[in-house]
Amino acid sequence: MNLLALLIVFALWQRWGSGGFIQRDGWFYSLADMLNNVALLRKSFSWLIPCLLVLIPGVLLVWLISVFNHQFFGLAYLILAVVVLLYSLGRGQLNDQIEGYLERWRSGDLQGAYHIASEFSHKDALDQTEDPASLHRHAIEGILYQGLERWFAVIFWFALFGPVAALGYRLLYLYSELDNDLAERQKPVVLRVLHWLEWLPATVLGFSFALAGNFGSCFKVWVGELFILPEAIPQVLSDYGIAALGDNSALACQGECSAADYEDMLHHGSVQIEAIQHLLNRCVILWLVAVSLLFMVL
């Protein structure tokens, strides 16, 4: 049933570009506020709040699975798995963000491209951008990290441990995005746990880049950066992705440059971004095939 659920979700994802109307997070924020208002938790056991925000829905989901697992010849479980998996996928329309970035990049509107790129997940490094080459590099990091966070990490944990693991990853990610004083105090630990949950899927994704792109170039980088620090995942994914394109050349324009070099830089950068999109799309298909084989074998 998990395989059928994954194929249905993939078809819906292709149509909607996201989890659609299922991705409503108001209940999560309400639960977070409720736990934050418990004085004992807030003052003495604040570390329990992110744990409870993941455990409470997880335990409820385990109970629902036990109830519906064999109802209506498994149809009830299938519907539940589809809904949970759709909910667990990333928010927003990544392709629309990329197209918006490319439109501004091609026109030379680097300030506009910066604002679009700031919507990507990897924001901290982007704040330090000083030149077009750095902006372009951080945009690639953001695109690839969002690909991991939105799809690949969720599918990885779903394939191994089912809907509960996929939901747990998404809830932990949502908590890392909360903006309040209590969440900020817990954020370093939450981010460390989240990065460790992303490390193994990122490593597998890097090998997928090699299979879907320039194998020799990417595999060499993959082996060299195999034991990466979890915090460096966006940068390492960028290394993997650019190596998989077989294009390690820097942008033509570094600082002051001629009009011709500036045009070359804009063209080269847009071609790389488009190639990264195609690489991610090939890896999605590759993962679907691999996960399908895994489910059939097991």
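**Close-up views of a predicted model**

E274 is partly exposed because its relative accessible area is 30% (buried is under 20%, exposed is over 50% and partly exposed lies in between, with a 1.4 Å probe and protein chains only). This is a predicted model, where local features need pLDDT of at least 70, side-chain atom pairs count only at pLDDT 80 or more, and totals for chains, interfaces and linings use all residues. Residues are numbered from 1 along each chain as its sequence is written, and side-chain values use heavy atoms, leaving out hydrogens and water.

**View 1. E274 and R106 form a salt bridge.** Their side chains come together at 2.4 Å, N to O (a salt bridge puts a side-chain nitrogen of Lys or Arg within 4 Å of a carboxyl oxygen of Asp or Glu). E274 sits in helix α13 and R106 in helix α6, 168 residues apart, so this pair links distant parts of the chain (helices are DSSP runs of H or I, at least four residues, numbered from the N terminus). R106 is partly exposed, at 38% relative accessibility.

**View 2. Helix α6 covers residues 94-106.** Its 13 residues reach 18 Å from the first C-alpha to the last, close to the 18 Å expected at 1.5 Å a residue (the expected span is 1.5 Å times one less than the number of residues). Among its buried residues are Y101 and W105.

**View 3. R137, E141 and D239 are linked in a network of salt bridges.** The side chains of D239 and R137 meet at 2.4 Å, N to O. D239 belongs to helix α12 and R137 to helix α8, 102 residues apart. D239 counts as buried at 18% relative accessibility, while R137 is partly exposed at 27%.

**View 4. S238 is buried in helix α12.** What does S238 touch, not counting residues up to four places away in sequence? Its contacts (heavy atoms within 4.5 Å) are R137, I140, E141 and L144. The relative accessibility of S238 is 0%.

**View 5. E149 and R170 form a salt bridge.** The closest N and O atoms are 2.8 Å apart. E149 lies in helix α8 and R170 in helix α9, so the pair ties together parts that are 21 residues apart in sequence. Both E149 and R170 are buried.

Terms used: Helix = DSSP H or I, 4+ residues; strand = E, 2+ residues; numbered from the N terminus.
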